Amino acid sequence: MSLKRQHPLSPIDATTAGKRAEGPLRKSYSKSDARYWLVTGRLFRDHGVADYSCRFSFKGRRVQICLKSPNQREAAKKAAELYGKIVSEGWEVGLADYRPEENPNKLSCSTVGELIEAAARLSSVRPQTLKVYAQAFRCLVAEVHQITSDNKNDFGKGGTEAWRQKVDAVKLDSFTAADIVAWKNERIRSKGGDPLSKKRATTTANSIIRNARGLFGRKILPFIGQMITLPDPLPFEGVSLEKSGSARYISRIDPFAILTTAKQELADSEPEAFKILILALVCGLRRGEIDNLLWRAFDFGNSALKIETSEYHQLKSDDSAGVIDLDFETKSLFQGYRSKDPSGLFVINSPVDPKQVGIGKGPRYRCNSEFSVLIKWLKQQGVTTQKPIHTLRKEIGSIIASEHGIFAASRYLRHSDIQ
């Protein structure tokens with residue numbers, strides 16, 4: 001018994017369009033041949049649209065184009081002509097006749113700057129979080145496109161703004177997921193055979209990717225697509241993070257010795273730095289929480305410190321809210337500071353106007369100078385981590401975990417889960 005193999009479609013010409021062939025092989029046509037596009041699936045209609053569309057890739061860019069014709073043969077001819085024109089004359093020339101009518105509310109082209117602007121208008125995340133997303137994305141794009149500047153960190157003389165303008169002008173379709181993967185691998189490989197350096201590079205690369213793709217958040221992406229033209233596929237589609245090993249904290253400092261020394265060296269000479277140290281090391285507060293902590297958060301009658309969103313600070317998440325029990329010494333310490341400043345609003349005194357924080361070229365923190373004093377002192381005490389103040393928060397979590405378990409530590413640090 002013999003079986004007759006039947007293929008879905010044979011090569012189609014003008015006389016056999018739409019008919020199935022029974023031959024064992026299908027002839028191959030190039031994309032610049034109309035018969036290529038008559039194969040089932042290569043032309044399609046979007047839901048509710050009469051005209052045919054097609055998709056194809058060329059030189060790392062992939063597009064979907066409406067061919068403006070409900071006739072299959074005519075659409076196939078247009079697709080072939082379009083592909084040939086793009087190959088011979090480039091994307092911009094080829095697409096000129098097929099661009100959809102511009103929506104008056106839609107930006108004319110998609111650039112890094114336009115994406116950041118659209119995300120800023122649509123995202124509900126904290127302004128500081130959005131700023132981190134934008135910084136990470138600009139960093140990634142600049143390194144992929146090798147946009148460098150000797151004075152990119154020169155805020156005062158405009159060097160930073162000039163660098164930012166160059167990066168913001170980069171089109172979103174000028175780099176692909178493959179470029180991002182290559183960038184990630186090169187960043188890690190550049191550290192050679194040093195395992196510690198490679199681990200740090202991996203952590204940094206993962207952090208940049210994780211934050212940068214926050215601009216393409218699932219909740220706001222459909223609305224961003226209504227404001228600007230997004231590339232298809234998106235830049236981070238399919239890009240995975242590297243395994244960076246365990247993130248479990250390992251203590252390398254003596255927090256009790258640091259606390260004792262701080263009482264001797266900071267309590268009187270640098271009271272603001274000392275307050276910050278106590279709030280981080282004893283109470284486990286985050287830097288942003290310390291920066292905007294109001295005196296009204298202290299409930300001295302019940303020996304408690306209430307962490308909640310205020311008019312000056314939005315918490316990292318709903319789980320970040322909580323009540324911290326104060327021991328007698330910590331309560332007495334801050335009662336003493338309060339008695340010296342009975343009309344003050346913020347626990348940490350700073351001359352910076354809180355309304356200017358995080359806006360434009362304003363500082364990220366209200367207490368930047370006070371944080372700097374403490375960081376310098378901590379480094380002298382051997383706290384050489386990248387984020388010394390956050391290390392203090394990790395220390396109290398480590399102490400509680402060792403004495404009362406990881407769940408108690410998670411609750412004290414107000415984490416959303418024990419991860």
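Q: Where buried means under 20% relative accessible area, exposed over 50% and partly exposed in between (1.4 Å probe, protein chains only), why is lysine 263 called partly exposed?
A: Lysine 263 has 38% relative accessibility, so it counts as partly exposed. The model is predicted, with local features needing pLDDT of at least 70 and side-chain atom pairs pLDDT 80 or more, while totals for chains, interfaces and linings use all residues. Residues are numbered from 1 along each chain as its sequence is written, and side-chain values use heavy atoms, leaving out hydrogens and water.

Q: What makes lysine 263 and glutamate 329 a salt bridge?
A: A salt bridge needs a side-chain nitrogen of Lys or Arg within 4 Å of a carboxyl oxygen of Asp or Glu, and in this pair the closest N and O atoms are 2.8 Å apart. Lysine 263 lies in helix 10 (residues 255-265) and glutamate 329 in helix 13, so the pair ties together parts that are 66 residues apart in sequence; a helix here is a DSSP run of H or I with at least four residues.

Q: How do you know that glutamate 161 and arginine 164 form a salt bridge, and where do the two residues lie?
A: Their closest N and O atoms are 3.1 Å apart, and the pair therefore meets the cut-off. Both residues belong to helix 6 (residues 159-168), three residues apart, or about one turn of the helix. Glutamate 161, with a relative accessible area of 29%, and arginine 164, with 25%, are each partly exposed.

Q: What ties glutamate 289 to arginine 414?
A: A salt bridge does, the closest N and O atoms being 2.9 Å apart. Glutamate 289 lies in helix 12 (residues 287-291) and arginine 414 in the segment after helix 16 (406-412), so the bridge links parts 125 residues apart in sequence. Both glutamate 289 and arginine 414 are buried, and salt bridges that share partners join Arg286, Glu289 and Arg414 into one network.

Q: How many disulfides does a search of the whole structure find, and how do you know that cysteine 54 is in none?
A: The search finds zero disulfides. For cysteine 54, the nearest cysteine sulfur, that of cysteine 66, is 9.3 Å away, whereas a disulfide requires two cysteine sulfur atoms within 2.5 Å.

Q: Why is cysteine 54 called buried, and why is cysteine 139 called partly exposed?
A: Cysteine 54 has a relative accessible area of 0%, so it counts as buried. Cysteine 139 has a relative accessible area of 21%, so it is partly exposed.
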